[in-house]
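Work through the exercises below with the sequence and the model open. Each task is followed by a solution in steps.

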Amino acid sequence: MKYRIKDPSLASEGKKKIDWAEVHMPVLFNLKKKFKLNSPLDGVKVAGCLHVTKETGVLIRTLRDLGAELTWCGCNPLSTQDDVAAALVEEGISIFASRGVSNEQYYDDIHATMALSPNVTIDDGADLTVEMHNSGGNISQVYGGTEETTTGVVRLRAMEKNGKLKYPIMAVNDAETKHDFDNVYGTGQSALDGIIRATNILIAGKNVVVSGYGHVGKGVARRAVGHGANVIITEIDPIAALKAKLDGYSVLPMISAAETGDLFVTTTGCKDVIREEHILRMKDGSILANAGHFNVEISIDALKSNSKLVKQINDNTTEYELNKGNKVYLIGEGRLVNLVAAEGHPSEVMDMSFANQLLSAMKLIQSKGSLSPAVYDIDRTQDQEIARAKLESMDINIDTLSDEQETYLTGFSEGT
Ligand SMILES: NC(=O)c1ccc[n+]([C@@H]2O[C@H](COP(=O)([O-])OP(=O)(O)OC[C@H]3O[C@@H](n4cnc5c(N)ncnc54)[C@H](O)[C@@H]3O)[C@@H](O)[C@H]2O)c1
């Protein structure tokens, strides 16, 4: 078995964390129980490129227990939990991931993962899928891939549009039981968790500027309000901006928000959202964090080129003393703050995301390569199944339609 991790001696710590997560992921656990008798993934090779966290550990165990042969790498240079990686290696999984890798090592790890010649790829951000296409991946035996996040789906839809996509992709992110929960509640809570762990600032009374009022932005804004912050939204989409205003937030262009913000959180999936002209207007002590997929939302080059001194305050916070004298703080090198400075999303929410991953991977395996290369939405029946199972695990019952109600809702004859 091949692997490359930071420290195998951390395995026992990692195992405890995965065991903890497993208890909090009942939907995935019950799916495993349901399918296990038939070993539906026997002989199937799966390559994963997804943050190596304790919840991903539960997904990996699930795929292994259903029969898959696996290799796995991280999908961000700073998000790997080294103890979890060590535990998974001890459990016999080929892991190529460690926290703090260089860009070069990051791509070496992806290539080591690709060497399995997978039948299914499981991706988060599309780096593995793009490498499979452009850097000598063995595409011929791939049934298809899944994609976990908004930015990855955007990239893969662009590949499809340009005629470059060579195998089918299940857009896991676009399942309602994924983006309406993971992106909103998961990132909302864990992004603030990361900011608080890195700085221990009091959020109450702060002006918190949230860039982007999509799924992640809504979650972060709502949680910041819960902490007592005054939230300001920046947007480029008039509809999203209007929703933010009517939800009770102030809406400003970044050039104005820059002057009043104490804490800035980017959640857009776009690049250069906070740039030089914004940084130069910021108050002394402003704190910057990113919750979007890539570290392109805050211009780190602009921070560096306008600073006379750069100092590391703690593991995850860097102080930039600007040439004009005031200080601006960047958390987690502008990478996903919830995974770099905290532990990523709570297990309960990853339960639904990874149930979607499992069911989507199984659909691709059942298709045995018969689907044409396109990005596929998730069936509503899959969403319904997962939501129902989650409610059951929470001991929550809901109403059902009577025959009369069903007829009424699908008919047109009854009016005023
Ligand atoms: N941190 C995490 O764990 C985590 C979890 C889920 C998604 N994500 C990532 O977060 C990002 C956002 O995901 P989402 O699901 O909220 O996407 P979304 O499409 O629902 O929302 C993005 C919003 O940002 C706005 N926007 C785009 N460019 C902008 C700009 N320059 N300035 C201001 N607003 C801008 C868009 O109009 C949109 O309303 C993606 O990169 C996604 O991959 C991260």
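**Exercise 1. Find how many cavities of 30 Å³ or more the whole structure holds, and describe the lining of the largest cavity.**

Solution. The model is a predicted one. Step 2: the space in the largest cavity is about 50 Å³. Step 3: list the lining, which consists of Gly 74, Asn 76, Pro 77, Thr 80, Phe 96, Ala 97, Ser 98, Val 101, Tyr 106 and Asp 109. Step 4: sort these residues by class, which gives five nonpolar, four polar and one charged.

**Exercise 2. State which elements supply the lining of the second largest pocket, and which gives the largest share.**

Solution. Step 1: the second largest pocket holds about 260 Å³ of space. Step 2: its lining is made up of Pro 26, Thr 177, Phe 181, Pro 346, Glu 348, Val 349, Met 352, Ala 387, Lys 390, Leu 391, Ser 393 and Met 394. Step 4: α16 has the largest share, with four residues. Step 5: by class, the lining of this pocket contains eight nonpolar, two polar and two charged residues.

**Exercise 3. Identify the residues closest to the ligand and the polar atoms that face its oxygen atoms.**

Solution. Step 1: the ligand is surrounded by 27 residues, and the closest are Thr 149, Thr 150, Thr 151, His 215 and Glu 235. Step 2: look at the side chains. An N or O atom in the side chain of Thr 149 is 2.6 Å from an oxygen atom of the ligand, and for a polar side-chain atom of Thr 150 the distance to a ligand oxygen atom is 2.7 Å. Step 3: look at the backbone, where a polar atom of Val 216 lies 2.8 Å from an oxygen atom of the ligand. Step 4: on its own the ligand has 850 Å² of accessible area, and the protein covers 85% of this.

**Exercise 4. Explain why the ligand is said to lie between domain 1 and domain 2.**

Solution. Step 1: find the elements that give two or more residues to the shell around the ligand; these are α7 (150–161), α8 (176–199) and α9 (215–226). Step 2: α8 gives the most, three residues. Step 3: by class, the shell has eight nonpolar, 16 polar and three charged residues. Step 4: residues of the shell come from both domain 1 (8–178 + 345–393) and domain 2 (186–340), so the ligand lies between them.

Conventions
Residues are numbered from 1 along each chain as its sequence is written. This is a predicted model: local features need pLDDT of at least 70, side-chain atom pairs count only at pLDDT 80 or more; totals for chains, interfaces and linings use all residues. Side-chain values use heavy atoms; hydrogens and water are left out. A residue is near a molecule or strand if one of its heavy atoms lies within 4 Å of it. A polar contact is a pair of N or O atoms within 3.5 Å; within protein, one must be able to donate a hydrogen and the other to accept it, and residues adjacent in sequence count only if both atoms are side-chain atoms. Accessible areas come from the Shrake-Rupley method with a 1.4 Å probe; for residues, only the protein chains shown count as cover. Ala, Val, Leu, Ile, Met, Phe, Trp, Tyr, Cys and Pro count as nonpolar, Asp, Glu, Lys and Arg as charged, and the others, Gly among them, as polar. Domain bounds come from an automatic or database domain assignment. On a 1 Å grid over the protein atoms alone, a cavity is a set of points where a 1.4 Å probe fits but cannot get out, and a pocket is an open set with protein on both sides within 12 Å along at least five of seven lines; lining residues have an atom within 4 Å of a point. Grid points are joined across faces, edges and corners, and a volume is the space filled by probe spheres set on the points.
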